[in-house]
Amino acid sequence: MKFIKDKKNLKIRTAAFVCLFLAAVIFLAPYFWMLSNSFKSTKEILMEPANMLPKQFTVSGYVKVLTKSPFFSWMRNSLVVTIVDTLVILFTSSIIGFVLSKYKFRLNKFIFTLILLTMMMPTAAMMIPNFLLISRLGWYDKIISLIFPTFINAFGIFLCKQFIDDLPKELFESAMLDNASDFKIYYRIVLPGIRPALGSLTIFTFLGIWNDYQTPLIYLNSAKNMTLPLAMSYFSTQHLSDLSATMAAASLIMIPASVVFIIFQKQFIKGISMTGMK
Amino acid sequence: MKNKKFVWAVMLPAMLHILVFIIVPIGIGLVVSFFNYNPLSSDNTFIGLENFRKLFLDADFRLAMKNTLIFVLATVFLNIALSLLTAQLISYFKSNKVRSFFRMVFFLPCIAPMVATSVVFSRSIFPTATGFLNMMLNRIGLPSVNWLGDPKVIMISLIIYTLWVDVGYNIVLFSAGIDGIPAYVYEAADLDGAGEWRKFRKVTLPLLGRSFQFVIVQTLISHFQMFAQFSVLILKDGPQNSGLVLSRYIYKTAFEYKDMGYASAVSMVLFIIIIILSFIEQKKHNVDWEY
């Protein structure tokens, strides 16, 4: 009986492996093709499209991206926006989550419900009022338009509050006996206590802001102020005929983030499945 | 705890921020939809519900609505089916290395900015003569397809791309959900002589319960708002607007035609769809599942 079952399992597993392997090849193919094309000349891409690997290996596409466009400014803009926003969101989410979780005050329930409601606000439907507000503030075509409005993150507050709710009472009681200040309780007890939540929040906000296209599209105008995703579409329309450079730009934008993901994939996957289940 | 000073030092700036950047814009959006509003013109008149009346007569709006619904329903259905199947296949492996390898590969496209992958698909994968996809089709003896130029095909191309770029997220979620189902449940099903399909239907699906609903609603919400591929992967919304969706229609009307009043009315429609979906989700949140 056991033997028959193992044999059946082996069959299922082999079939599963073959399916998954084929799917994995299909999933990676666009990456392979992008990289391969980025090392061909545009002429080779168009004249001999069937070459799997470049016949004449060239880095001219990469040289063009790095020298003929403000690529490093774009990179710097993206880094500044993403890092500042992520740090601020980690701080605001955890401290607001802490207050909503552990303090009794009159508007507590109301504010938490309000924050949950803001989580539903669809960005696609808010393009126009957001644009009008940013222009009125005088922030149009300025990097600050991407940074300041995202400081409060409803999802982050929700996630942190859930985790702080679960921290054991005794932790806080002993701190109160020591007469520790509120802020001290926050950074001595709350922050270390919710590290997994902060980890997955970091991944979410970092990815969301790093990859955001719609917001910079609406708020920014000059090429030098752009962040990478907007710059990508700008570059590809500026160099419509230069496929090689376009693929090089796409590779430069996609590969570093992919490498970071592959190195930290365990934490990524854990963080994402954790929030999905919460 | 109750230190009033600390509470308000934290909450006051937070509430101000929410007021200015979320509540005020909702108000602006609603007000603008009652105006004939062009940011470049000084003459912006109040026209009441005229913009909403126009919605019913506007063939482009109807087309955008139809395309959005087709895209969302097809993509979400295929996404859920494929991600469940893949998560189930991954769960057959005991080795953590094999499992995390596959999860990693399928999740990889979710990491990249959609603009960048859209550019790759539009310039290197889908082109008729030089694209990778047709080359592969030809190699196995199938004819080339005009992926981006044929109004009947363009939605299929967009769905293929969106599945590739987004399915990994749900694979990871379902995978975690299936891992959370205790082994003894399956052992009991084995003892009853249940086949694979039966186990999947009678054990896995019901026990995934909560995460299943969460994933479906979240996927619906995000797909209704998708934007990047519709403005970068296809050119000018495709032949005869065959790839025009609501988010793109709002953008075009507001920022290319500068008709912000009417675009706000279209936004309100999208806004209401998303809010309804979110409320369904909130309701479901109250249902708790225990194994």
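I started with overall size: chain A has a radius of gyration of 24 Å, whereas a compact globule of 278 residues would be near 19 Å. That radius is taken over C-alpha atoms, and the globule rule is 2.2 Å times the number of residues to the power 0.38.

Housekeeping before I go on. This is a predicted model, where local features need pLDDT of at least 70, side-chain atom pairs count only at pLDDT 80 or more, and totals for chains, interfaces and linings use all residues. Residues are numbered from 1 along each chain as its sequence is written, with chains lettered from A and ligands numbered from 1 in the order written.

Next I looked at the box: the C-alpha atoms of chain A fill roughly 75 × 75 × 35 Å along the principal axes.

For secondary structure I got 15 helices and 0 strands in chain A. These are DSSP runs numbered from the N terminus, helices being H or I with at least four residues and strands E with at least two.

Then I checked the contact between chains, which takes 71 residues from chain A and 72 from chain B. Two residues count as in contact if their C-beta atoms, placed from the backbone, lie within 7 Å. On the chain A side, α1(A) gives the most, with 14 residues.

Last, within chain A, residues 24 or more positions apart account for 74% of the contacts with a separation of 6 or more.
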